[in-house]
Amino acid sequence: MTTTDHDHQDAPSDPALRVKALESLLVAKGLVDRAALEVLIDTYEHKIGPRNGARVVARAWSDPAYKQRLLSNADAAIAELGYGGMQGEHMVVVENTATIHNLVVCTLCSCYPWPVLGLPPVWYKSAPYRSRAVIDPRGVLREFGLHLADAVELRVWDSTAELRYLVLPERPAGTQSMDDTELAALVTRDAMVGVARITVQHGDRA
Ligand code: FE
């Protein structure tokens with residue numbers, strides 16, 4: 001086991017159970033309202049979710065000036081589209097190119113840009129992903145079905161509570177005639193974490 005000195009490998013084996021227990025306690029003590037909690041979770045899982053990030057990516061693909069603002073000051077550029085807030089302070093956008101691929105992890109826990117990606121998937125929070133994304137990132141990508149050529153430089157970004165990363169994937173070929181809505185529909189959560197590329201299915205092609 002390696003990773004960094006801020007790793008928490010002795011985390012409980014079943015965090016979901018612990019969260020449930022904590023939630024029950026907070027509700028029992030009258031500290032939180034279960035209905036409010038459900039609304040909050042639903043909002044981040046389904047309404048905010050990765051679609052916000054997809055719109056940011058689509059805009060960056062179609063508007064070079066926006067892309068420059070996004071890469072130089074992500075918080076402000078993301079706020080232009082109306083997104084921001086809790087767990088999204090101090091965003092940094094990293095751009096994939098033909099020669100550079102970016103991968104995002106949080107080795108400490110599960111820091112993740114909520115306003116643009118929603119709640120982190122289970123695998124993102126898992127100990128194997130958090131450690132192996134640093135030790136063997138190419139191996140991790142292969143398991144996700146992404147075979148990176150040796151010539152492509154792989155950059156791994158370790159998120160923290162203060163710094164959250166979003167990958168700007170490469171715009172796929174064959175999308176020249178698509179508008180932002182069509183482009184956004186191509187963008188996946190996994191591509192914005194850096195464990196996938198964006199491909200155009202035949203049906204998508206405009
Ligand atoms: Fe974290």
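Arg-59 is partly exposed, at 23% relative accessible area. Here buried means under 20% relative accessible area, exposed over 50%, and partly exposed in between, with a 1.4 Å probe and protein chains only. Arg-59 forms a salt bridge with Asp-63, and their closest N and O atoms are 3.2 Å apart. A salt bridge is a side-chain nitrogen of Lys or Arg within 4 Å of a carboxyl oxygen of Asp or Glu.

The model is predicted: local features need pLDDT of at least 70, side-chain atom pairs count only at pLDDT 80 or more, and totals for chains, interfaces and linings use all residues. Residues are numbered from 1 along each chain as its sequence is written, and side-chain values use heavy atoms, with hydrogens and water left out.

**Salt bridges**

The salt-bridge count comes to seven.

| Pair | N to O distance |
|---|---|
| Asp-63 and Arg-59 | 3.2 Å |
| Glu-95 and Lys-67 | 2.5 Å |
| Glu-80 and Arg-69 | 2.7 Å |

Glu-95 and Lys-67 meet through their side chains. Glu-95 lies in strand 1 (residues 91–95) and Lys-67 in helix 4 (residues 64–72), so this pair ties together parts that are 28 residues apart in sequence. Helices (H or I, at least four residues) and strands (E, at least two) are DSSP runs, numbered from the N terminus. Glu-95 is partly exposed at 26% relative accessibility. Lys-67 is partly exposed at 22%.

Glu-80 pairs with Arg-69. Glu-80 sits in helix 5 (residues 74–80) and Arg-69 in helix 4, so the bridge ties together parts eleven residues apart in sequence. Glu-80 is partly exposed at 41%, and Arg-69 is partly exposed at 33%. Elsewhere, salt bridges that share partners join Arg-132, Asp-136 and Glu-143 into one network.

**Iron site**

Which atoms coordinate the iron ion? They are Cys-106 (SG), Cys-109 (SG), Ser-110 (N), Cys-111 (N) and Cys-111 (SG), at 2.2 to 2.7 Å. Donors are N, O and S atoms within 2.8 Å of the metal (3.2 Å for Na, K and Ca); water is not among the atoms, so sites may look incomplete. Along the chain, the donors follow the spacing C-x2-C-S-C.

Cys-106 is buried at 0% relative accessibility. Cys-111 is buried at 8%. Cys-109 is partly exposed at 31%. The whole structure has zero disulfides, a disulfide being a pair of cysteine sulfur atoms within 2.5 Å.

Helix 8 spans residues 127–135, and its buried residues are Tyr-129, Arg-130, Ser-131 and Ala-133. These residues pack against strand 2 (100–105), helix 7 (122–125), helix 9 (137–143), strand 3 (153–158) and helix 11 (189–193). Contact means heavy atoms within 4.5 Å.

Val-134 also lies in helix 8. Val-134 is partly exposed, at 38% relative accessibility. Val-134, Ile-135 and Val-156 form a nonpolar surface patch with about 220 Å² of accessible area together. Patches are made of residues with over 30% relative accessible area and no salt bridge: like charges are joined within 9 Å, nonpolar side chains (Val, Leu, Ile, Met, Phe, Trp, Tyr) within 5 Å. Accessible areas come from the Shrake-Rupley method with a 1.4 Å probe; for residues, only the protein chains shown count as cover.

**Pro-172**

Pro-172 is found in the loop between strand 4 (164–168) and helix 10 (180–186). Is Pro-172 buried or exposed? Pro-172 is buried, with a relative accessible area of 10%. Leaving aside neighbours within four places in sequence, Pro-172 is in contact with Trp-61, Leu-186, Ile-198 and Val-200. Pro-172 and Trp-61 are 111 residues apart along the chain, and their C-alpha atoms are separated by 9.8 Å.
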